[in-house]
Amino acid sequence: MKNRPVAIKDVLDGILKDLGGGKISEAGALEAAWTKVVGESGTKHAKPIDIIEGVLVVHVDSSSWLHKLTMEKAKILAQMRNELGEGPVKDIKLRMGPLPY
């Protein structure tokens with residue numbers, strides 16, 4: 001039996017699902033919402049890397065940005081819920097770490 005061609009989107013959706021994430025479109029919606037909420041400058045210093053049981057895990061590249069985003073966490077969370085609805089993001093965990101891209 002020959003292997004049939006498979007769309008790359010289907011392969012990536014499967015990988016993301018196995019890793020505990022959602023579909024590519026959901027990841028794209030999350031990234032778009034994050035950029036809208038924290039702005040272009042914020043996305044240069046902080047990126048969402050995972051959602052674990054409703055907690056959005058965000059890596060931040062410096063202590064000054066970690067402090068800034070921590071002080072604005074309640075506002076950011078409210079705006080993320082406004083953008084995505086009440087379901088996906090229930091809390092945000094900010095931590096120092098490498099940015100994925």
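The model is predicted, with local features needing pLDDT of at least 70 and side-chain atom pairs counting only at pLDDT 80 or more, while totals for chains, interfaces and linings use all residues. Residues are numbered from 1 along each chain as its sequence is written, and side-chain values use heavy atoms, leaving out hydrogens and water.

View 1. His59 sits in strand S2 (residues 55-60); strands here are DSSP E runs of at least two residues and helices are H or I runs of at least four, numbered from the N terminus. At 12% relative accessibility, His59 counts as buried (under 20% relative accessible area, 1.4 Å probe, protein chains only). A polar atom of its side chain lies 2.8 Å from the backbone oxygen of Pro98. Leaving aside residues up to four places away in sequence, His59 touches (heavy atoms within 4.5 Å) a set including His45, Lys47, Arg95 and Leu99.

**View 2. The sheet around S2.** Three strands make an open sheet in the order S1-S2-S3, with mixed pairing (two strands pair if DSSP finds at least two bridges between them). S1 (46-52) and S3 (91-96) are the edge strands, each with a single partner, so one side of each has no neighbour in the sheet. S1 and S2 run antiparallel, joined by six bridges; Ile51 has Leu56 in S2 as its bridge partner.

**View 3. Helices on the sheet.** Helix H3 (residues 63-71) lies across S1, S2 and S3, at about 165° to S3. Helix H4 (residues 73-84) packs on the sheet too, touching S2 and S3, and makes about 130° with the direction of S3. Axes are lines fitted to C-alpha atoms, for helices over the stretch in contact, and angles run from 0 to 180 degrees between N-to-C directions.

Notes: Buried means under 20% relative accessible area, exposed over 50%, partly exposed in between (1.4 Å probe, protein chains only). A polar contact is a pair of N or O atoms within 3.5 Å; within protein, one must be able to donate a hydrogen and the other to accept it, and residues adjacent in sequence count only if both atoms are side-chain atoms.
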